[in-house]
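Dear colleague,

I am handing over the structure that we spoke about, and below it you will find my notes on what was found. Please read them with the structure open beside you.

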Amino acid sequence: MESRINDSKRKRVVVVGGSIAGLCCAHSLLRSEWLEVLVFERARSVTAAGAGLGVGPRACDALRSWGLGDALESSSLPLSMEENRALDSKRNDPVVIKDETYDHRAVHWSDLHRLIHDALPAGIVRWSHEVVSFAELREANGEPRVRVKVSKLGGAENESNVEEIDADFMVSADGSMSQTREKFIPNESRRYSGYCAWRGVLETSSEHAQEVAETVKKAYPDLGKCLYFDIAEGTHAGLYELLKKRLNWLWYINQPEPQLKGKSVTLKADEKAIKELHEQAQRTWPPELAKLMQSTASPFINAIFDREPLGQFVWGRVVLVGEAAHPTTPHGLRSTNMSIDDAFVLGNAIAKWGPDQIEVALDEYQGERVPAATREVLFSRHLGKLKQGLLIPGIDWLQAEQNLKEQLLQKNVHSFQPSEL
Ligand SMILES: Cc1cc2nc3c(=O)[nH]c(=O)nc-3n(C[C@H](O)[C@H](O)[C@H](O)COP(=O)(O)OP(=O)(O)OC[C@H]3O[C@@H](n4cnc5c(N)ncnc54)[C@H](O)[C@@H]3O)c2cc1C
């Protein structure tokens with residue numbers, strides 16, 4: 001295809017990581033026709049990993065702007081209300097507070113990842129490619145460059161598998177254990193929240209699972225459009241429906257920091273732990289929710305971490321996005337939303353300032369996203385502590401003051417002042 005762009009104006013960006021943040025950046029940056037976008041992802045392909053997540057209005061708009069509106073619509077369910085309930089001893093009216101203006105979509109992580117991936121032009125994403133290092137340098141004419149060393153995984157381990165690629169800037173979407181972030185901020189550690197989340201998705205393929213789902217839906221009648229939270233003493237659970245009648249649940253349990261292997265925060269649960277979970281569910285939750293947890297195959301555990309918010313996402317021609325920039329706890333359903341927001345703002349800034357003002361664009365991205373991400377990370381942290389009884393131990397939510405009940409709502413993220421902590 002003949003290029004309409006003057007060759008001297010052509011620029012290249014390397015994106016490290018092809019999860020949600022990296023692939024959204026690819027969509028967003030491809031709006032600038034003068035930019036060649038290359039995404040390197042160490043995984044072999046899109047997988048069926050993960051569970052549910054909620055996509056907010058701003059992120060939905062971003063996805064629509066990249067032509068993904070129809071795919072999102074057909075892969076997700078509405079999540080148009082939020083209801084927080086507490087366990088009343090008589091269990092007659094457990095509703096603490098609800099919000100009928102909650103304007104999200106519920107989608108399975110892997111469905112979202114796949115739809116974002118499948119809409120990219122061929123050749124943009126290089127699977128099984130790991131970025132092993134990068135260096136910032138200047139060409140003889142003074143132009144800044146990022147030299148990225150990429151290793152193709154799976155072949156014989158010799159030099160021929162490693163190639164060096166020069167880019168005009170690099171976007172690091174390499175997740176919460178980002179090597180790029182570590183390079184700029186050595187000795188920084190993540191913050192363990194004090195609890196882990198058990199997670200699972202009930203697939204309703206068997207007759208038994210369908211019966212369980214029907215029972216759950218009688219107890220939680222707005223499933224299919226509602227994000228439910230059940231709060232008990234020192235613990236809380238979340239529940240919502242995904243497409244294909246799947247029921248997605250999470251249960252946060254206060255406990256010492258678990259021993260993790262490698263960089264993953266996901267732990268595989270053994271039979272003993274699952275049996276204990278089932279017994280504890282019986283003691284803690286309404287019978288329908290307990291039954292749901294007991295009937296879900298292969299529940300898994302996520303240790304919950306975040307990091308202190310950064311005052312900077314950009315170092316020269318290297319920019320952090322997604323979890324690499326702002327690892328967060330899941331209580332505000334923000335992680336994926338923030339990744340999509342990052343991509344949207346970055347792509348718009350690059351398109352606005354053009355090939356000759358990349359640094360101005362990166363600065364604009366940083367100026368917009370740092371304060372927003374700080375607020376969202378600290379809001380999620382606050383909400384997690386509140387719901388886990390770590391801020392006000394022993395609170396009776398059904399009897400609490402209205403202004404305290406209001407603090408449970410997701411929509412407060414937009415007005416949250418970090419000084420409230
Ligand atoms: C498999 C998986 C399942 C998930 N499931 C859920 C879920 O069910 N619900 C939910 O709310 N959130 C889920 N998340 C988390 C959520 O999607 C992300 O945290 C959020 O979208 C931000 O993502 P990210 O792209 O910034 O980082 P991540 O999603 O953490 O992705 C980082 C990516 O970078 C790649 N990478 C890292 N280093 C390198 C390197 N040196 N070279 C090349 N590639 C590299 C990793 O392989 C990974 O794909 C999941 C994440 C993953 C990876």
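To begin with the ligand, which residue has a backbone N or O atom that lies 3.5 Å from an oxygen atom of the ligand? That residue is Ile20, and the pair counts as a polar contact, meaning a pair of N or O atoms within 3.5 Å.

Before going on, please keep in mind that this is a predicted model, in which local features need pLDDT of at least 70 and side-chain atom pairs count only at pLDDT 80 or more, while totals for chains, interfaces and linings use all residues. Residues are numbered from 1 along each chain as its sequence is written, and side-chain values use heavy atoms, with hydrogens and water left out.

The ligand is surrounded by 26 residues, of which Ser19, Glu41, Ala51, Trp109 and Glu323 are the closest; a residue is counted here if one of its heavy atoms lies within 4 Å of the ligand. An N or O atom in the side chain of Trp109 is 2.3 Å from an oxygen atom of the ligand, and a polar side-chain atom of Thr336 lies 3.3 Å from a ligand oxygen atom.

Now to the helices, which are DSSP runs of H or I with at least four residues, numbered from the N terminus. Two packed helices are described by the angle between their axes and the distance between the axes. The axes are lines fitted to C-alpha atoms over the stretch in contact, and the angles run from 0 to 180 degrees between N-to-C directions.

Helix H9 (residues 335–353) packs with helix H10 (residues 358–387) at an angle of about 160°, their axes being 8 Å apart. H9 is therefore roughly antiparallel to H10, a term used for angles over 145 degrees.

Helix H8 (residues 287–295) packs with helix H6 (residues 207–219) at an angle of about 155°, with the axes 9 Å apart, so H6 and H8 are roughly antiparallel to each other. On the H6 side the contact includes His208 and Ala219, and on the H8 side it includes Glu288 and Ser295.

H8 also packs with helix H7 (residues 271–284), at an angle of about 170° and with axes 8 Å apart, which makes H7 roughly antiparallel to H8. In that pair, His278, Ala281 and Gln282 of H7 meet Ala290, Met293 and Gln294 of H8.

Note on methods: Helices (H or I, at least four residues) and strands (E, at least two) are DSSP runs, numbered from the N terminus. Angles under 35 degrees count as roughly parallel, over 145 as roughly antiparallel, 65 to 115 as roughly perpendicular and the rest as oblique. Contact means heavy atoms within 4.5 Å. A polar contact is a pair of N or O atoms within 3.5 Å; within protein, one must be able to donate a hydrogen and the other to accept it, and residues adjacent in sequence count only if both atoms are side-chain atoms.
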